[in-house]
2 protein chains.
Amino acid sequence: MTRPRSFDETTVLHDAMDAFRRSGFASVSIKDLGDATGLTSGSIYNAFGDKEGLYRAAFGYYIDAVIRRRIETYLGEANDLDGLEQLFLSLLCAPESDEHGCLLTNAAVEFGAQQSVASEGLAEGFAMLEAAIRRVIERQIGGGQVDLLVAKLLLLYQGILVLIRAGRNVSACPAVIRSEFEQLRKLLP
Amino acid sequence: MTRPRSFDETTVLHDAMDAFRRSGFASVSIKDLGDATGLTSGSIYNAFGDKEGLYRAAFGYYIDAVIRRRIETYLGEANDLDGLEQLFLSLLCAPESDEHGCLLTNAAVEFGAQQSVASEGLAEGFAMLEAAIRRVIERQIGGGQVDLLVAKLLLLYQGILVLIRAGRNVSACPAVIRSEFEQLRKLLP
DNA sequence: CTGATTCTGTATCGATTATTCTAGAATAGG
DNA sequence: CCTATTCTAGAATAATCGATACAGAATCAG
C-alpha cells in the first residue's frame with residue numbers, strides 16, 4: 001500500500017550530484033535541483049527532507065559510485081603501482097575532466113574545515129582516498145617514507161582536480177603523473 | 001570639495017578579501033561584508049558599484065598584496081630554487097594556513113572554467129604564479145622538461161592549498177616540498 | 001470497491017537577498 | 001558663511017530563497 005515513487009533514486013542522485021559538482025551547494029537553488037532532476041520541490045522535500053539532505057545523499061552517492069568505484073576498478077585486489085598510476089591518469093578523462101571537477105575537492109574548498117553539511121562526506125572521502133593510496137605504497141614500497149609518499153600523491157590528486165576545475169591547460173599532467181610513478185618504481189624493493 | 005571617505009580602502013579590501021576567502025562569493029551577503037568591513041551597504045555600493053565590484057577589487061588586492069608580494073619576497077631578483085622552496089614552505093605558515101585558504105584556489109574551484117566575476121583575476125593570478133615558477137625552472141634548470149617541472153610545482157601548489165583549506169593534516173607537506181626540491185636540485189647543471 | 005497511506009504538484013509563506021532611494025552629514029572652494 | 005559635491009546611514013523595494021501546506025493522484029490490502 002501507498003503510492004510508489006515516480007523517479008529512480010539513483011538517476012536523481014546522479015543528476016543532483018552533477019548539479020552540485022557544477023555549482024557547489026550555495027549557488028544551486030531548489031528550483032535548479034528540480035530542473036536538473038525532473039522532480040518538483042514537493043517530491044524533493046518529501047524524499048530528502050531538505051536541500052542539505054539532498055546534498056548529503058548526492059555526496060554519499062558520489063563517494064560510493066565515483067570514488068570507491070574508481071578505487072576498485074583500478075586497484076582491485078592487486079593494489080599495485082601500475083593500477084594506481086592508471087587511476088591518476090583516469091582523472092584526466094571521465095567524469096572529473098568534464099569541467100565540473102571532483103565533488104570531494106569542490107566541497108573541501110567550498111566548506112573548508114568548519115563543521116558543515118559536507119563534513120561527514122569529506123571525512124569519509126578523504127579517508128577512503130588516502131587509505132587506498134596508502135595500501136599500495138605500504139604494500140609495494142613500505143619503509144619509513146610511506147607517509148611522505150602518500151602525502152605527495154594526495155597532493156598531486158587534489159592539484160590535478162583544481163586545475164581541471166579551473167579549466168587550465170592540463171596537457172602536461174599525464175607526463176607529471178608518469179614521472180611521479182617512475183620515481184616510485186625506483187623505490188620498489 | 002566633497003565629503004571625504006570615512007574608511008581606508010586598503011583596510012576595507014583586506015577585510016573583504018578575508019570574508020571572501022572564508023566564505024567564497026555566493027555564501028557571503030552584503031550584510032556580512034558590511035559587518036566584516038565596518039561599512040554600511042550604502043557606502044559599499046557607492047564605492048564599489050555592487051557585490052561583484054567589491055569582489056573584483058578584493059580579488060585584485062589579493063593578487064597584488066598576497067601573490068605578487070610573496071613572489072617578490074621569496075624570488076626577488078635571484079629567482080633561484082632555494083627561494084622557490086621557501087615560497088612553497090611559506091604557504092604552510094601565513095596567511096594561507098589560517099584555514100581560509102588561497103583566494104585564487106578557492107575562486108578557481110567555486111567558479112570553475114566558465115566566464116564569471118572571477119575570470120579576470122583567475123587568469124591573472126594563475127599566469128603570475130606559473131610565470132614565477134617558470135622563471136626559476138628555466139633559469140636554473142632549463143632543457144626540455146621545463147613544462148613538466150613547472151606543471152609539477154603548480155600542481156603541488158594547488159594541492160597544498162586544498163588540503164590546508166580542508167583542514168586536513170598537512171604535517172607531511174614540508175617533507176614533500178623538501179623532497180621535491182631535492183630532486184630538482186639534482187637536475188641543476 | 002473501500003480505506004489507508006504515501007507521493008506529486010502547486011500555491012504560499014516568511015526570511016533573506018542584492019540593490020535602490022533618500023535624507024542628512026561632511027568637506028572644499030569661493 | 002554659503003553652495004556644490006560626495007559620502008554615509010539606513011529605510012524601502014522587488015526578487016528569490018528554502019521550506020511548508022494542502023489538495024488530489026496513485027497504489028495496495030482487505
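The model is predicted. Chain B superposes on chain A by a rotation of 180 degrees with 0.0 Å of shift along the axis, at an RMSD of 0.0 Å. That is the relation of a two-fold axis.

**Symmetry**

- Gly159(B) has the C-alpha nearest the axis in chain B, at 2.0 Å from it.
- Both copies use the same surface, since 100% of the contact residues of chain B recur in chain A.

**Aromatic pairs**

- The count over all chains comes to 16 aromatic pairs.
- One of them joins Tyr55(B) and Phe111(B), with ring centres 5.7 Å apart and planes at 65 degrees. An angle over 60 degrees counts as edge-to-face, so this pair is edge-to-face.
- Tyr55(B) belongs to helix 4 (residues 51-74) of chain B and Phe111(B) to helix 6 (residues 103-111) of chain B, so the pair ties together parts that are 56 residues apart in sequence.
- Tyr55(B) is buried, with a relative accessible area of 1%.
- Phe111(B) also counts as buried, at 14% relative accessibility, because the limit for buried is under 20%.
- In chain A, one aromatic cluster is formed by Phe20(A), Phe25(A), Tyr55(A), Phe59(A) and Phe111(A).

**Lysine over phenylalanine**

- Lys51(A) places its charged end over the ring of Phe25(A), 4.4 Å from the ring centre.
- In chain B, Lys51(B) lies over the face of Phe25(B), and the distance to the ring centre is 4.4 Å.

**Surroundings of DNA strand D**

- DNA strand D is surrounded by 22 residues. The closest are Met1(A), Ile30(A) and Tyr45(A) from chain A, with Thr2(B) and Ser6(B) from chain B.
- Sugar or phosphate accounts for 72% of the atoms of DNA strand D within 4 Å of the protein, and bases account for the rest.
- Helix 3 (41-48) of chain A and helix 3 (41-48) of chain B each supply at least two residues of the surface near DNA strand D.
- Helix 3 of chain B gives the most to that surface, with four residues.

- Lys51(A), whose charged end sits over Phe25(A), has a side-chain N or O atom 2.9 Å from a phosphate oxygen of DNA strand D.
- Val28(A) has a backbone N or O atom 3.3 Å from a phosphate oxygen of DNA strand D.
- Arg3(B) places a polar side-chain atom 2.9 Å from a base oxygen of DNA strand D.

Methods: Residues are numbered from 1 along each chain as its sequence is written. Chains are lettered from A and ligands numbered from 1 in the order in which they are written. This is a predicted model: local features need pLDDT of at least 70, side-chain atom pairs count only at pLDDT 80 or more; totals for chains, interfaces and linings use all residues. Side-chain values use heavy atoms; hydrogens and water are left out. Copies are superposed by least squares on the C-alpha atoms of residues with pLDDT of at least 70 in both. Contact means heavy atoms within 4.5 Å. Rings of Phe, Tyr and Trp (its six-membered ring) pair if their centres lie within 6.5 Å; planes under 30 degrees apart count as stacked, over 60 as edge-to-face and the rest as tilted. Buried means under 20% relative accessible area, exposed over 50%, partly exposed in between (1.4 Å probe, protein chains only). A charge sits over a ring if NZ of Lys or CZ of Arg is within 6 Å of the ring centre and within 35 degrees of the ring normal. A residue is near a molecule or strand if one of its heavy atoms lies within 4 Å of it. A polar contact is a pair of N or O atoms within 3.5 Å; within protein, one must be able to donate a hydrogen and the other to accept it, and residues adjacent in sequence count only if both atoms are side-chain atoms.
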